[in-house]
Amino acid sequence: MSYLHLSFYAAFTLSSLGLAFHRTHLIAALLCLESMMLSLYVALAMWPIQMQTPSSTTIPILMLTFSACEAGTGLALLVASTRTHGSDHLHNFNLLQC
């Protein structure tokens, strides 16, 4: 395994561990999701270069657009929840309450 693969796996694993264990603030969860998407984007962008196939170059751009949509939706939810609940602590949110 090369150092490039190791860095992609490490970045994705650390961000998923951060998402699993640091669930106090919504902004921390959003940052962990964004770092997961960034590591996947870089891995998908480097994959055709390593395999020497120029055919799959639109997949990283498509994933980057979905990542931008996810970031915009997450920030909108962060602003809305901060306005209604007063903070972005995840323990303040109750999904069973309408």
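Colleague: What should the 19 residues of helix H1 span, and how far apart are its end C-alpha atoms?
Modeller: This is a predicted model. At 1.5 Å a residue, H1 (residues 3–21) should span 27 Å, and its end C-alpha atoms are 26 Å apart, which agrees.

Colleague: OK, and which residues are buried in H1?
Modeller: Phe8, Ser15 and Gly18 are buried there. Looking down the axis of H1, the buried residues fall within an arc of 105°, so they line one face of the helix.

Colleague: What do the buried residues of H1 pack against?
Modeller: They pack against H2. On the other side of H1 you'll find Tyr3, Leu14 and Phe21, which are exposed.

Colleague: Switching topic: at what angle do H2 and H3 pack?
Modeller: About 175°, with the axes of H2 (residues 26–51) and H3 (residues 59–85) 10 Å apart. Angles over 145 degrees count as roughly antiparallel, so that is what H2 is to H3.

Colleague: Which residues make that contact?
Modeller: From H2, they include Leu30, Leu33, Glu34, Met37 and Leu40; from H3, Met63, Leu64, Ser67, Glu70 and Ala71 are among them. By class, the contact of H2 with H3 has 17 nonpolar, three polar and two charged residues.

Colleague: Let's take Ser67. Buried or exposed?
Modeller: Ser67 is buried: its relative accessible area is 9%, and under 20% counts as buried.

Colleague: And what does Ser67 touch?
Modeller: Leaving out residues up to four places away in sequence, Ser67 touches Glu34 and Met37. Ser67 itself lies in H3, while Glu34 and Met37 are on the H2 side of the contact.

Notes. Residues numbered from 1 in each chain as written. Predicted model: local features only at pLDDT ≥ 70, side-chain atom pairs only at ≥ 80, totals over all residues. Heavy atoms only, no water. Axes fitted to C-alpha atoms, helices over the stretch in contact; angles between N-to-C directions. Helix = DSSP H or I, 4+ residues; strand = E, 2+ residues; numbered from the N terminus. Parallel < 35°, antiparallel > 145°, perpendicular 65-115°, else oblique. Contact = heavy atoms within 4.5 Å. Nonpolar A, V, L, I, M, F, W, Y, C, P; charged D, E, K, R; others polar. Buried < 20%, exposed > 50% of the residue type's maximum accessible area, 1.4 Å probe, protein only. Expected span 1.5 Å × (residues − 1). Arc of directions from axis to C-beta.
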